[in-house]
Amino acid sequence: MKKNILTLFIVAFWGTLFVTSCEVDMPTMANYSAYDFSDLDEDGGDWNPILLAGTDAITIAAPEDVSSPAYQAELSSLKSTMASLNGEQRAAIDYWTNNSVIRWKEIAMELVAKYNLIPGPNDDGTYTLPNPAKPEGPPGFPFAHPAYAVRVYAYMSVAQFDGLTTAWHYKYDFNRPSPSKVDNSIQPAYGDTDLPSYPSDGAVIAEVSRAILTAMFPLEKDYLRAKADEHLGSLMWSGTNVETDITAGELIGSEVAKVALARAATDGMSKAQCPKPVSDSIKQAAFERFGWKWENQEIPVRPVGLAPLYGKVRMWNVPNVEDVRPVPPPAIGSQEYEADVKNLVDIANNMTEEKRRIANYWQDGLGTYTPPGHWDKIALDLIIKYKMNPLRSARTFAYVDMAMMDAGIACWDAKYYFHYPRPIQQIPGFKTIAGTPNFPSYTSGHSMFSAAAAEVLAYVFPNEATTVRAWAVEAAMSRVYGGIHWTFDATVGTSSGIEVAEYTVAVAQSDGAE
Amino acid sequence: MDEFLSTEMCARISCTFHAQRNGYVLKSVFRLGLSLLVFLSCIGSIQAQTPSDAIMMKQREFCVALAYEYGAFDEYWEGTNLRKNETIAEVSRQAVMPMVAIGIMNKLNFYVAVPYIKTESTEPNGGHLQGANGFQDLSLAMKYEILNKEMGKGKLALLGAGGYSTPITNYLSDYRPYSIGNGANEWSLRGIAQYKLDMGLYVRVAGGHLFRGQTKAERDYYYNNGSYYTPWMDVPNAWEYNAVIGMWLLDNSLKLEGSYYAQKSTSGDDIRKYNAAQPTNKVEFDQVAGSVQYYIKPVKGLGVLAYYVQMLNGRNMAKFTSFGVGATYQFKI
């Protein structure tokens, strides 16, 4: 009897353990394989690039004919490479796929998450800022906060898009067929394609992404070089391109990256984190204008808010940031203000599981890919769902990211122009379930990033418009549920984000891709 | 830094106290330390009544217990670096633990416990974050006496225990340091050996392995030395070790005990600089504890206990100091 019970107990224990150890899979990347593109966008070379004067602004040499001895030598080299692949090379083929725009976006998001750590105080209560001239720190450079992150995403996607419109121009200009079209003994890993092979679109993406991300994350230079080398290698291992396709693509990538980084060097970002005297004068100006001022509530107090002059950074598609500056927030003590104090206290005192879930789901705080990263992830999933080719993918990301960066700049302009206090500064004893960021309250960054991204996605994916717009509203309200924003921060931010995005959508509508 | 706040903490703490007279330790069976203590004390009281027999509660004996614990920290190990953080300032954790033990057979006992936990920061703090509170995990455990024999001037006892715990409320494990638990299922297996001299002195050693499942966050992306696109987080498994020395005094009505407890995760990441902890962290710590239990002779079956625990070293763990008090009542049907 005793033994039976003991045996039963042991069997039950290990049985339960076994059953429950069939745990949920935990993906570290998008789960997709190479796919047939819904469209090749053969006229892509006629679209308007964003930074380049035209798709022929960068020139590459005409390729050797496929019947030439030089090309034939490349082809046999490709075949022998493909005949002796090792396991790592096969894994690289599976990883990079025929739409590597997705993988490079994931790499960018992962680096943002890695570097999205706010510097803590020193032992003496002072704070040290990350310094691009001494990136190793401490603290390490950069602090990839949302305003920094969206700029990373935007420059990479815009440069990819310009590089790919250039590549498409030459692909259909020179019309060199893919290796498997020339020699049908070649079995390309991603299937036969009618997309011309010269220059390699994959090589453009690899080089431009590597160069932009290396400038933005200088400590990751070696990691990014290794990633790009593997990516470039996979283009041959998969039978997609011969060597000259790849070198021509790299050349385009390198030239486009230079243009993009030249813009980045002078867009005003390096001055966004201004010194304390400038920050104090901005605060004082707001106080004289409105009679209120936001103050950091941390211990020890941070002397300067996050990037007070980010509102001065050069925008992509809005001519003047003041054109999209929202109306002033309710005056402190006004009826509308007092009503919202009551509203926030009520939400905090009656927190529901649903509101908590929404606050956490859209929080995208420190250590994550930030709200712009969350929206790029949404875009990424739609790109896969609609089987976009790399050019169309880069276009989608470029417009989403430009709209989000413009929204971020407009938001920061409003934040430091109005300098509106956060709920924890105004409501005695108020507690939040989300961390209060180090910048003024009005308007909400989440609401502006989200509304701007949703508007562009609604334009690119009309069938998803209702869904993504509803998500943007939920993301905006998540900050109110979290206790760190006023309701009007969210609602005005959403309207403002939509308004900012309209400038970008107008550009997209006339770029030739419709 | 929150792992402490979680059940683990409790468990550790309690573990330190397993000693009862005969030394069969339920101990770590429950993650909740409080509960363990209580249990042990129940057992102890039995022993006091029938010193010749032993270790386990006999068939049809019941013990109900209630304990309260207060713990707090103002420093934590970020990786292995001990630091302060004014964003959270000092964090306290209070727990109330009701528990029941049942003698199914003379050599097989069953335990069930459900703690209620409340966490919050002291004022002032720079973060202004809400604490958390609620019922945490249901813990079930069985303990089996494998051996209990006279040896020299004392008795040697060997026991094995298995346990299971599972969250019973929708508390958020991904809200460190205020989370009230790991939010994951846990299975535990433990082996216990005790030698007790007839004069009342005893030593006990125990080791166990904690198998943890996954916990579900309310976000679908997180960083754990790389990107994870899922709300599921892997809570690392862990080894634990325990050593105890104790003494029965005053005609077996008073027990004094000192103990050492250590736990080490088998995997996991470190808390990143000035960043919040998360359930995936690799948690390590060791701590010492002292306890006293007294069985009130005039009231048959009633016992009281008090204990104190100090964490010594850790990794991705709060440097907790805790104390607890409890009462136990034992009866037979």
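Of the 514 residues of chain A, 51% count as buried. A residue is buried if 20 or more other C-beta atoms lie within 10 Å of its own, exposed if 12 or fewer, and partly exposed in between, with C-beta atoms placed from the backbone. This is a predicted model, in which local features need pLDDT of at least 70, side-chain atom pairs count only at pLDDT 80 or more, and totals for chains, interfaces and linings use all residues. Residues are numbered from 1 along each chain as its sequence is written, while chains are lettered from A and ligands numbered from 1 in the order in which they are written.

Start with the overall form of chain A. Chain A has 18 helices and 0 strands. Helices (H or I, at least four residues) and strands (E, at least two) are DSSP runs, numbered from the N terminus. The radius of gyration of chain A is 26 Å, close to the 24 Å that the globule rule gives for 514 residues, so chain A is as compact as a globular protein of that length. That radius is taken over C-alpha atoms, and the globule rule is 2.2 Å times the number of residues to the power 0.38. The C-alpha trace spans about 85 × 80 × 50 Å along its principal axes. Among contacts in chain A between residues at least 6 apart in sequence, 84% join residues at least 24 apart. Two residues are in contact if their C-beta atoms, placed from the backbone, lie within 7 Å.

Now go inside. The largest nonpolar core has 145 residues. Such a core is a set of buried Ala, Val, Leu, Ile, Met, Phe, Trp, Tyr and Cys residues joined through C-beta atoms within 7 Å. Ala403(A), Ala452(A) and Leu457(A) touch the most other members. Helix 14 of chain A (residues 390-418) gives the most to this core, with 19 residues. Apart from it lies another core, of 26 residues, among them Ala95(B) and Leu172(B). Beyond its neighbours within four places in sequence, Leu457(A) is in contact with residues including Ile378(A), Leu382(A) and Val400(A).

Helix 14 also has a packing partner. Helix 13 of chain A (residues 370-385) packs against helix 14 of chain A at an angle of about 155 degrees, with their axes 10 Å apart. Axes are lines fitted to C-alpha atoms, for helices over the stretch in contact, and angles run from 0 to 180 degrees between N-to-C directions. The two helices are therefore roughly antiparallel to each other; angles over 145 degrees count as such, under 35 as roughly parallel, 65 to 115 as roughly perpendicular and the rest as oblique.

A second pair follows. The axes of helix 5 and helix 7 (residues 201-216) of chain A come within 9 Å and cross at roughly 155 degrees. That makes helix 5 of chain A roughly antiparallel to helix 7 of chain A.

Finally, compare two loop residues. Asp364(A) is found in the loop between helix 12 (353-361) and helix 13 of chain A. Asp364(A) is buried, with 27 other C-beta atoms within 10 Å. Asp364(A) and Pro146(A) are 218 residues apart in sequence and 9.2 Å apart in space, C-alpha to C-alpha. Asp124(A) sits in the loop between helix 4 (100-115) and helix 5 (146-174) of chain A. With 6 C-beta neighbours inside 10 Å, Asp124(A) counts as exposed.
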